[in-house]
Amino acid sequence: MKKNILIVPGDGIGQEVTEVGKSVLVKIAEKFGHEFIYDEALMGHVAIEATGNPLPDETLAKMRASDAILFGAVGHPKYDNDPTAKVRPEQGLLKMRKELGLYANLRPIKLFDELLGASSIKPEILKGSDILFFRELTGDIYFGEKGRKNDNNSAYDIAEYSRYEVERIGRKAFEAARTRGKKLCSVDKANVLETSRLWREVIQGLAVEYPDIEVEHQFVDSAAMMLIKDPRRFDVVVTANLFGDILTDEASQIAGSMGMLASASVGDSTGVYEPIHGSAHDITGKGIANPLASVLSAALLLDISFGLKEESETIIAAVDKLLKDGFRTRDIADALTPADRILNTEVAGIELLKRI
Ligand code: IPM
Ligand code: MN
């Protein structure tokens with residue numbers, strides 16, 4: 001198979017982890033006889049520094065021209081404490097999602113057995129947890145009108161959803177539930193929000209078309225509690241943009257560390273595959289970031305964008321083997337991990353390639 005893959009490292013540890021993610025793609029192409037052609041582009045803070053724009057036109061053009069994108073992270077602490085900054089790295093991310101029509105963000109929360117002890121949740125509550133989140137990614141309060149009024153003394157962000165937007169993400173979630181445990185939990189705040197009442201109405205309508213799927217509706221506050229209390233009761237979860245952002249960070253603790261979680265953003269055109277963690281400037285340049293989320297993002301890319309199941313499973317098996325052999329990055333190591341098994345980013349990558 002011949003494919004063009006665009007690498008967009010972005011900011012902070014994005015650079016370090018996508019390097020390992022790419023090396024895994026190179027190894028897979030070699031092993032299975034594919035021809036992957038790579039290009040690279042700037043986004044986020046690094047793009048602002050170079051061009052003044054967090055998503056330069058050149059990057060967007062390269063994105064549209066590629067078959068899939070392996071993405072790192074964007075962000076920089078200098079903007080976080082400057083609420084007045086007009087240009088921000090995150091604007092590039094949101095624009096990319098909108099421009100590429102990436103309305104469905106898949107976040108699989110899969111717990112590797114070896115990491116049962118890495119979570120702060122009790123192993124007996126966690127064991128066997130396997131959740132697939134569908135977070136809507138191009139609507140909601142993220143993209144509605146926003147502004148200041150009353151002489152800069154009030155601010156507003158409008159949350160808006162159309163039936164069409166809810167239906168297309170809903171369908172993807174129902175279809176996925178069919179290939180898994182046939183359970184779907186739709187999360188909203190329909191007791192308060194009008195957008196959530198429309199959301200629930202549309203999901204209820206879809207449920208009639210999928211009689212084989214057991215559907216439940218939960219309010220977001222209760223879902224946040226149930227995720228920690230009894231994560232095994234969830235199979236596929238579908239929710240709006242803001243709720244999905246918050247719940248998936250929470251759910252990352254089921255998998256032990258954010259450093260283990262990959263995501264896929266798909267929709268109308270080229271798919272984007274990225275860790276759910278951010279740019280993590282506190283550890284940038286120290287070489288200690290966990291590259292496995294980027295590696296698992298590469299596995300999702302091969303599976304979802306290219307349909308290469310065996311190749312994708314080969315990567316997941318290698319991650320499993322690395323963990324079974326006792327290797328850990330710092331974020332997933334515990335008091336019992338021998339010092340010589342705690343790897344830095346680069347060595348974790350080298351050890352992983354040996355297992356592919
Ligand atoms: C995510 C991130 C982004 C989001 C930020 C960086 C804008 O937290 O991908 O989850 O809120 O969507
Ligand atoms: Mn987030």
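Are α7 and α8 parallel, perpendicular or oblique to each other? Before you pick them out, some housekeeping: this is a predicted model, so local features need pLDDT of at least 70 and side-chain atom pairs count only at pLDDT 80 or more, while totals for chains, interfaces and linings use all residues. Residues are numbered from 1 along each chain as its sequence is written, chains are lettered from A and ligands numbered from 1 in the order in which they are written, and side-chain values use heavy atoms, with hydrogens and water left out.

**Stop 1: two packed helices**

Select residues 163-179 for helix α7 and 194-209 for helix α8. Helices here are DSSP runs of H or I with at least four residues, strands are runs of E with at least two, and both are numbered from the N terminus. The two axes sit 9 Å apart at an angle of about 45°; axes are lines fitted to C-alpha atoms, for helices over the stretch in contact, and angles run from 0 to 180 degrees between N-to-C directions. So the answer is that α7 and α8 are oblique to each other. That label is what remains once angles under 35 degrees count as roughly parallel, over 145 as roughly antiparallel and 65 to 115 as roughly perpendicular.

Now show side chains. On the α7 side, pick R163, V166, E167, I169, G170, R171, F174 and R178; they meet L198, W199, E201, V202, I203, L206, A207 and E209 in α8, where contact means heavy atoms within 4.5 Å. Sorted by class, this contact has nine nonpolar, one polar and six charged residues. For that sorting, Ala, Val, Leu, Ile, Met, Phe, Trp, Tyr, Cys and Pro count as nonpolar, Asp, Glu, Lys and Arg as charged, and the others, Gly among them, as polar.

**Stop 2: salt bridges**

How many salt bridges does the structure hold? There are 22, each being a side-chain nitrogen of Lys or Arg within 4 Å of a carboxyl oxygen of Asp or Glu.

Start with D39 and K62, whose closest N and O atoms are 3.4 Å apart. This pair links distant parts of the chain: D39 belongs to strand β2 (residues 35-40) and K62 to helix α3 (residues 57-65), 23 residues apart. D39 is partly exposed at 37% relative accessible area, and K62 is partly exposed too, at 24%. (Buried means under 20%, exposed over 50%, partly exposed in between, with a 1.4 Å probe and protein chains only.)

Next, go to helix α12 (residues 309-324), where D320 and K324 lie four residues apart, about one turn of the helix. Their closest N and O atoms are 3.0 Å apart. D320 is partly exposed at 23%, as is K324 at 49%.

Then select K321 and D325, a salt bridge with its closest N and O atoms 3.0 Å apart.

**Stop 3**

Most residues other than glycine have a negative phi. Select D151, which has a positive phi of about 55°. You'll find D151 in the loop between β6 (146-149) and β7 (154-157), and it counts as exposed at 73% relative accessibility.

Finish at A280, with a positive phi near 45°. A280 lies in the loop between β12 (271-275) and α11 (292-304) and is partly exposed, at 25%.
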